[in-house]
Amino acid sequence: MSQRLSLGAFGALASLCLASSAWAGAVEDFKKGKDVQLTAVSAVMDGEIYSIAGFQIPKAADTLNITLTGADLGLNFSQSVFLTGVQSGNSILWTFNQTFNPPIAVDGTTVVNHVSGLLIVNATLLAGTHHPLCGFQPCLRDVLLTHAPGSWILVEGEGALGIDFSRLVMVDYFRALGGIPQPGLSAFYVPGTAKVCSSPVTTYLPMTAFLTGFAPSGGTKVDFVSAYPKGLKVPPNLTVPGGQSTASFKAAVAPDFTGQVNVVASSAGAIYSRLVQIFPQADCDSGGNRNDPFDVRAYVPDLLLGCINCSELIDLGIRGQGLLRVQGLDVYFNGSQLRRLSSVFDVVSVSAVDMTDSGLVTGSMVVRAGEAPVAFRASLEGGPTTPIVLGAFTPTAITASGVVIGNHTSRTSSVAMYHDGRSLKELPIPGATRSQALAVSEAGHIVGTYERDGDVRAFLFTEGVFRTLPQLSRATTTVPVAVNNRGQVVAHSVDATGAVLAVAIIEPNDTFHLLGVPSGFTGLTATSINARGWVSATATSHTGTSGFLYTREDGWVDLNRRLSPAGSVVVTDALRITDADQVLVHGTANGNRALYLLTLP
């Protein structure tokens, strides 16, 4: 059953996958910054056009008020005008009402003794492609001020023979730069290791741009351009909220589209481009080179670990990077070195739970000794590593857009929650008395369970739609284990004790395929599903366990029969399969248990 949510609920869900440009605060950044670079101003009085350009106007930090002198504009008088600034939405309104004593001498016969008026400007964050100059030097500004309707200036004084005059000046053009320095781009991540294939319906590809530092309070704008938006559509821009360092979104792949499309990201003048290849659906459905034996290698060499039988998997990325627990300490492995997370984040301890392919990580941490654990989010690749503390709830997963999914649990209830970078909110599940978020795909599909009227059901969120997943059996509960970017869910059918009775793949159209227990084994537990719909699992028997891989063409395959060289490692558990068709397993060799990475040649 699918249910289109109300506008308010849809907005909440949309924030799970997209950083909203409504978070921008250009006026806030302008207020914080010092000085204003006046690019050009023109005004009309008595049918004549007057203009000035290229001046730097002094402004103190943390205020919208400006004291303007004639010298600031290159004019030959020292009297000043005080402009009182107030914010109105994304606009600044400056009012002034100044009497000059002594008057300003314009020429030998005319003086100005009073000026008043209203100047209205719109404030916007500079586009990511914009690298402004102040004169001929780079201009460390992030806000563009432009003319808005309603501005006027009234000039009063005395002319020849002492005759009073009053002239209305209309501002018809205004352009200035202000604000504070912005971080640039440090990286632009587009999944490139695994094939991306077309589909009869619109599919989504997660992308993430990383800043060189944290965005200021007003936010940082990142622009995106697709060379062929009819095939691969990206948003024109996103605003990274203040205090955050990534801009993530889901590019939309048009139905049945195949081909290459160049995607460009830019911020503060820094530009990155990535070439995206969309393959025919048959390339993914064919199963690739699944019949070849897997190459086996130790995921982290014992020499690097410094210990034996001491590592456990937390999560694995598409490029082989991973989160591990080594002798009780959580570490990040980037393929060549281990980094203790507590040292990276400069905290007492870290308990990580999930990582995106682009290196965003979430979990719980103890910041200072004696304090309670708090949820956090951080970037381990491409951007600053300083963690963002999210509050008191228990994270379970993180989306490619940096939204953290988790649960708030009390003695009597559990509520599925998400933190969008600004605040902690409940997942909008209509009528639920209990709920639990369990997993999320890189494309933002969220799966979990909810209880309504005593009935526990599985759910999936995607693109603003809440969907109840089908029950695998009337007498059991369906519990999602994982979901891939195509919206396929691998789930367990469990009894009242929590024992797994069956495993199934639930398709986006709500049909499902039960995956029987392999011959010779008594039980089966699924662990993950990749973009092809391949499932990793561990099967149990009276003598032990073995790692298995499911494909639609071959069914369950014992990984121990697919290793090269055969017999060197005994696979006991299949822990994760990536979209690059790599399988991370627990295996034993010479009596020692360790993590091994299985890779198709």
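Hi everyone. Helices here are DSSP runs of H or I with at least four residues, and strands are runs of E with at least two, numbered from the N terminus. By that rule, Lys31 sits in helix α2, residues 26-32.

A word on the source: this is a predicted model, where local features need pLDDT of at least 70 and side-chain atom pairs count only at pLDDT 80 or more, while totals for chains, interfaces and linings use all residues. Residues are numbered from 1 along each chain as its sequence is written, and side-chain values use heavy atoms, with hydrogens and water left out.

Let's stay with Lys31. Its relative accessibility is 39%, so Lys31 counts as partly exposed (buried is under 20% relative accessible area, exposed over 50%, partly exposed in between, with a 1.4 Å probe and protein chains only). Beyond neighbours within four places in sequence, Lys31 is in contact with Lys59, Ala60, Ala61, Asp62, Thr63 and Leu64; contact means heavy atoms within 4.5 Å.

Now, the domains. The assignment, which is automatic or from a database, gives domain 1 (26-181), domain 2 (185-286) and domain 3 (318-426). How far apart are the C-alpha centres of domain 2 and domain 3? They lie 24 Å apart, and the contact takes 17 residues from each of these two domains.

Together, domain 2 and domain 3 bury about 1,300 Å², 63% of it on carbon and sulfur atoms. Buried area is the accessible area (1.4 Å probe) lost when two parts are put together, summed over both. On domain 2's side, β13 (185-189), β15 (203-211) and β19 (246-253) each supply at least two of the residues touching domain 3, and β15 gives the most, with 4 residues. Thanks, all!
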